[in-house]
Amino acid sequence: SLIPHGKRLVQFQKWCNLSVTVNLFQNGSAFSNSFSSVASSADVRSRDGRKGKNFTVSYLVDSLGLPKRLAESISSKVSFENKGNPDSVLNLLRSHGFTDSQISSIITDYPLLLIADAENSLSPKLKLLQSRGASSSELTEIVSKVPKILGVKGDKSISRYYDIVKEIVEADKSSKFEKLCHSLPEGSKQENKIRNVLVLRELGVPQRLLFSLLISNHHVCCGKEKFEESLKKVVGMGFDPTTPKFVEALCIVYGLSDKRLEENFNVYKRFGLTVNDVWELFKKCPAFLGYSENRIIQTFEALKRCGLCKDEVLSVFKKYPLCLRASEQQILNSMETFIGLGFSRDEFVMMVKCYPQCIGYSAEMVKKKTKFVVKKMNWPLKVMTLFPQVLGYSMEKRIVPRCNVIKALMSKGSLGSELPPMASVLACTDQTFLNRYVMEHDEKLVLQLMAIFNQDRIS
């Protein structure tokens with residue numbers, strides 16, 4: 001069903017004479033080409049090793065006051081071994097009036113800024129924007145909303161993007177979107193962008209997602225007829241405009257060619273998926289249609305080499321389409337990691353069928369969690385085979401706090417001599433866990449257990 005309702009839906013229909021048909025699911029033509037992620041640059045993984053990663057985490061916590069878990073997440077995208085360059089970047093931002101809160105937000109959204117050249121790259125860009133009349137408050141507001149604007153190359157490009165973002169911010173405050181389009185040259189890319197943004201805003205797409213589209217290399221907002229056609233298809237398939245998945249689907253639909261789509265469909269059909277299967281998977285995970293024919297074949301064959309039969313591979317695809325993100329080598333390396341920890345090949349296959357996400361986890365993370373629940377908690381390794389979802393739980397937010405409570409209860413003899421089932425401890429919500437293992441005791445013990453549960457816990 002269509003997500004917009006009432007006035008917003010009527011306005012959208014008037015704008016593009018919308019006549020969405022459901023035969024999208026019945027024909028074999030439509031979209032392809034891979035989604036050009038707005039954060040593709042942020043996907044660059046540092047190879048500096050554990051030392052650089054640990055230093056980065058400490059720096060982000062000490063210099064910006066970021067929570068450790070967030071700092072660890074950022075360190076997977078960028079890392080450094082000394083504070084010289086990051087300090088230069090932070091000092092530059094502060095000298096231009098950015099508050100610590102704004103800087104934290106900027107670095108969280110665009111971590112690569114920390115390793116940018118403050119003197120020769122960032123400073124000239126900030127000065128350029130100021131020379132065009134940007135006040136300090138305006139500059140800090142817009143860059144905080146769209147920090148990736150500082151990663152745009154070329155004076156003309158950064159000026160153009162800044163102007164568009166500024167106009168959208170101001171228009172959003174005053175609800176004067178229509179006037180923006182009339183003030184721009186007819187048929188210009190800027191006019192198209194503003195007009196398309198108007199439509200997307202009317203559908204409920206949030207500002208942060210609109211700005212990602214504007215700053216990305218994807219041209220989805222620059223077109224006119226193709227944009228209208230792509231938007232009809234995405235809305236007609238029921239994507240929620242308030243979610244990133246809507247924007248991802250729009251970008252993929254906009255960039256797909258019939259030829260590329262036909263190739264991908266033929267590959268999936270050879271493996272046993274129907275056209276309807278593919279469209280359903282696209283609705284579940286838009287990136288599913290963006291992978292190349294070679295990647296699809298390699299992933300399928302790699303899973304078969306691990307021991308899965310054809311039907312089991314299809315089941316994995318349906319359960320977790322993003323398994324296609326893992327390369328052939330990553331899948332094989334994942335199997336070796338699990339075997340190295342003591343799992344058999346058959347047990348690895350069983351875990352993949354139950355929880356396909358496990359093939360995408362790093363060896364370091366799999367080893368860390370497995371060793372904790374097996375060696376420190378004494379749960380049998382086989383339990384993880386039956387409950388591989390434990391690998392997807394946060395150590396800091398769930399596994400460690402709950403296990404510390406269980407260990408405390410075991411030491412007091414409050415649980416008898418046997419460990420409770422792993423799923424009983426880790427699969428439930430926090431409130432269910434507390435009700436099950438904490439709240440039933442006397443007040444003094446409850447206070448002790450709550451202190452253990454909340455100690456160093458990241459909420």
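Predicted model: local features only at pLDDT ≥ 70, side-chain atom pairs only at ≥ 80, totals over all residues.
## The big picture

A residue counts as buried when its relative accessible area is under 20%.

What is the chain built from? It has 25 helices and zero strands. Now take the contacts in the chain with a separation of 6 or more: residues 24 or more positions apart account for 73% of them.

## Two helices side by side

Two packed helices are described by the angle between their axes and the distance between the axes.

Which residues do the touching? On the α20 side you'll find Lys-368, Lys-369, Phe-372, Val-373 and Lys-376, and they meet Met-395, Glu-396, Ile-399, Val-400, Cys-403 and Lys-407 of α22. Sorted by class, this contact has six nonpolar and five charged residues, with no polar ones.

How many aromatic pairs does the structure hold? There are 15. Have a look at Phe-55 and Phe-80: their ring centres are 6.2 Å apart and their planes sit at 80°, so this pair is edge-to-face. Phe-55 belongs to helix α2 (residues 49–64), while Phe-80 is in the loop between α3 (68–75) and α4 (84–95), so the pair ties together parts that are 25 residues apart in sequence.

Phe-80 has a relative accessible area of 6%, which means it is buried.

Elsewhere, one aromatic cluster is formed by Phe-239, Phe-265, Trp-279 and Phe-282.

## Charges over rings

Some aromatic rings have a charged residue over the face. Lys-226 lies over the face of Tyr-254, 5.2 Å from the ring centre. Arg-398 does this with Tyr-393, at 4.2 Å from the ring centre.

Most residues other than glycine have a negative phi. Asn-378 is not a glycine, and yet it has a positive phi of about 65°.

Where is Asn-378? You'll find it in the loop between α20 and α21 (381–386). With a relative accessible area of 58%, Asn-378 is exposed.

Terms used. Residues numbered from 1 in each chain as written. Heavy atoms only, no water. Contact = heavy atoms within 4.5 Å. Helix = DSSP H or I, 4+ residues; strand = E, 2+ residues; numbered from the N terminus. Nonpolar A, V, L, I, M, F, W, Y, C, P; charged D, E, K, R; others polar. Phe/Tyr/Trp six-rings, centres within 6.5 Å; stacked < 30°, edge-to-face > 60°. Buried < 20%, exposed > 50% of the residue type's maximum accessible area, 1.4 Å probe, protein only. Lys NZ or Arg CZ within 6 Å of the ring centre and 35° of its normal.
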